[in-house]
Amino acid sequence: MARRENRRTTRVDNIGSCPCGLGLPYPECCGRLHRGEAQAPTAEALMRSRYAAFAVGDPDYLLRSWHRDTRPARLHLDPAQRWTGLRVLATEQGGLFDATGTVEFRAHYREGGRPGTLTERSRFVRADGRWVYLDVDRP
C-alpha cells in the first residue's frame with residue numbers, strides 16, 4: 001500500500017499548479033495537507049484541499065479530513081471523472097478562531113466527455129483542534 005501511495009504522490013507532485021485554484025505549486029499548496037505535513041488553517045482552506053484531493057485522486061485524504069460521525073467507511077473515486085475548476089462563492093465563519101464554518105462553491109468537471117457542475121454549501125467544524133468536513137448544508 002505505501003508503495004502505491006508513493007507513486008501517486010510522485011505523480012501529483014509533478015502536476016504544477018495546485019487544482020485548488022490559488023495558483024501555487026501543488027507540492028507547496030494542498031500537497032502539504034495531503035501528505036500530512038500541515039493542517040488547513042480555515043474551513044475554506046480545507047474545502048480547497050478536499051477539492052484538490054478529488055482532482056488528484058486522493059481518497060485517503062478525503063476520509064482523513066471527514067468528521068468521524070459522517071464519514072463513510074470507504075470512498076471510491078471515479079477515475080473517469082476529471083475535476084477542471086473551482087470557484088468559491090461565499091464563506092460564513094470558518095476562520096482561525098471559529099469552531100464552525102460554511103463554504104459555498106461551484107466545482108466543474110468532465111465525465112464521459114461532457115461538462116458538469118456541482119454547486120454545494122459544505123459545513124465544516126473543528127474536531128480535536130483541526131478543521132474537518134461535516135456535511136452538506138441543506139436548507
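Arg 121 and Asp 137 join their side chains in a salt bridge, 2.9 Å from N to O (a side-chain nitrogen of Lys or Arg within 4 Å of a carboxyl oxygen of Asp or Glu). Arg 121 sits in strand E3 (residues 114-127) and Asp 137 in the segment after strand E4 (130-136), so this pair ties together parts that are 16 residues apart in sequence. Strands (E, at least two residues) and helices (H or I, at least four) are DSSP runs, numbered from the N terminus.

This is a predicted model, in which local features need pLDDT of at least 70 and side-chain atom pairs count only at pLDDT 80 or more, while totals for chains, interfaces and linings use all residues. Residues are numbered from 1 along each chain as its sequence is written, and side-chain values use heavy atoms, leaving out hydrogens and water.

- Arg 121 is partly exposed at 23% relative accessibility (buried is under 20% relative accessible area, exposed over 50%, partly exposed in between, with a 1.4 Å probe and protein chains only).
- Asp 137 is also partly exposed, at 25%.
- Through shared partners, salt bridges link Glu 92, Arg 121 and Asp 137 into one network.

**Within helix H3**
- Glu 44 and Arg 48 form a salt bridge of 3.0 Å, N to O.
- Both residues belong to helix H3 (residues 43-56), four residues apart, or about one turn of the helix.
- Glu 44 is partly exposed at 26%, whereas Arg 48 is buried at 12%.

**Glu 37 and Arg 35**
- The closest N and O atoms of this salt-bridged pair are 3.0 Å apart.
- Glu 37 is exposed at 54%, while Arg 35 is partly exposed at 32%.

**Overall count**
- The whole structure holds six salt bridges.
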